[in-house]
Amino acid sequence: MSTHSPTIEVVSGDITREQTDAIVNAANESLLGGGGVDGAIHRAAGPRLARAGAELAPCDPGDAKATPAFDLTPPIKHIIHTVGPIWEGGNHAEPETLASCYRRCLEVADELRAETLAFPAISTGVYGFPADRAAHIAVTTLRTTPTNVRHIRLIAFDQRTYRLLADELARQQL
Ligand code: AR6
């Protein structure tokens, strides 16, 4: 099924404003909402999102599950919820779990036939994953996982995350 590598770009902004076929949410296992990007997405998508999440929960760390995007404007089709690892020092398979999040999101996007996809910097906020290592894992995994997704936007909510992702992408595309 996999035929090509997606193009990847890094952009600054708020993922709730994206117009990709699907956006990824950095959720927790309950899929009921929370703080950070999860809270922003639930506020923008409305209360039906938590109800849909409850029906799919729990979502294990490293896994991903999709819901409709409900009231998100501009209207997009899908939200892919993934649960990143909580950073516990790096020896608890956190890197592997984070890579699995990116891989599973691509698999779910393929099932949905989503061709464009936006990701936040999974696990690098409340969950405490070092942002530089997370940027390396994100770009490496997205570049090496077979998928039909054509275009990926990595959404950086702050300047440091933007720099780390942009530098990592530039290094890998040399
Ligand atoms: N658009 C894009 N990125 C954002 C936005 C936004 N609107 N808001 C925050 N970020 P976090 P985690 C960035 O904490 O570390 C929640 O409570 C943020 O600056 O949202 O995976 C969940 O329910 C950071 O770079 O997610 C879980 O309990 C990145 O998104 C837990 O937090 C991820 O930060 C998940 O923690």
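Start by selecting Arg-113: with a relative accessibility of 73%, over the 50% cut-off, Arg-113 counts as exposed. This is a predicted model, so keep that in mind as you click around. Arg-113 sits in the loop between α3 and β5 (116-119). Check its backbone too: phi of Arg-113 is near 60 degrees, a positive value in a residue that isn't glycine.

Next, select Ala-93, in the loop between β4 (78-83) and α3 (94-112). Ala-93 also isn't a glycine, and its phi is positive, at about 65 degrees.

Now show α3 together with helix α4 (residues 131-144). The two helices pack with their axes 9 Å apart, at an angle of about 40 degrees. That angle makes α3 oblique to α4, and their crossing is right-handed. What kinds of residues make up the contact of α3 with α4? Nine are nonpolar, one is polar and two are charged.

Last stop: Pro-58, in the loop between α2 (48-56) and β3 (64-68). Zoom in on the peptide bond joining Ala-57 and Pro-58: this bond is cis, with omega about 0 degrees.

How values were computed: Residues are numbered from 1 along each chain as its sequence is written. This is a predicted model: local features need pLDDT of at least 70, side-chain atom pairs count only at pLDDT 80 or more; totals for chains, interfaces and linings use all residues. Side-chain values use heavy atoms; hydrogens and water are left out. Helices (H or I, at least four residues) and strands (E, at least two) are DSSP runs, numbered from the N terminus. Buried means under 20% relative accessible area, exposed over 50%, partly exposed in between (1.4 Å probe, protein chains only). Axes are lines fitted to C-alpha atoms, for helices over the stretch in contact, and angles run from 0 to 180 degrees between N-to-C directions. Angles under 35 degrees count as roughly parallel, over 145 as roughly antiparallel, 65 to 115 as roughly perpendicular and the rest as oblique. A crossing is left-handed if the near helix is turned anticlockwise from the far one by less than a right angle, and right-handed if clockwise. Ala, Val, Leu, Ile, Met, Phe, Trp, Tyr, Cys and Pro count as nonpolar, Asp, Glu, Lys and Arg as charged, and the others, Gly among them, as polar.
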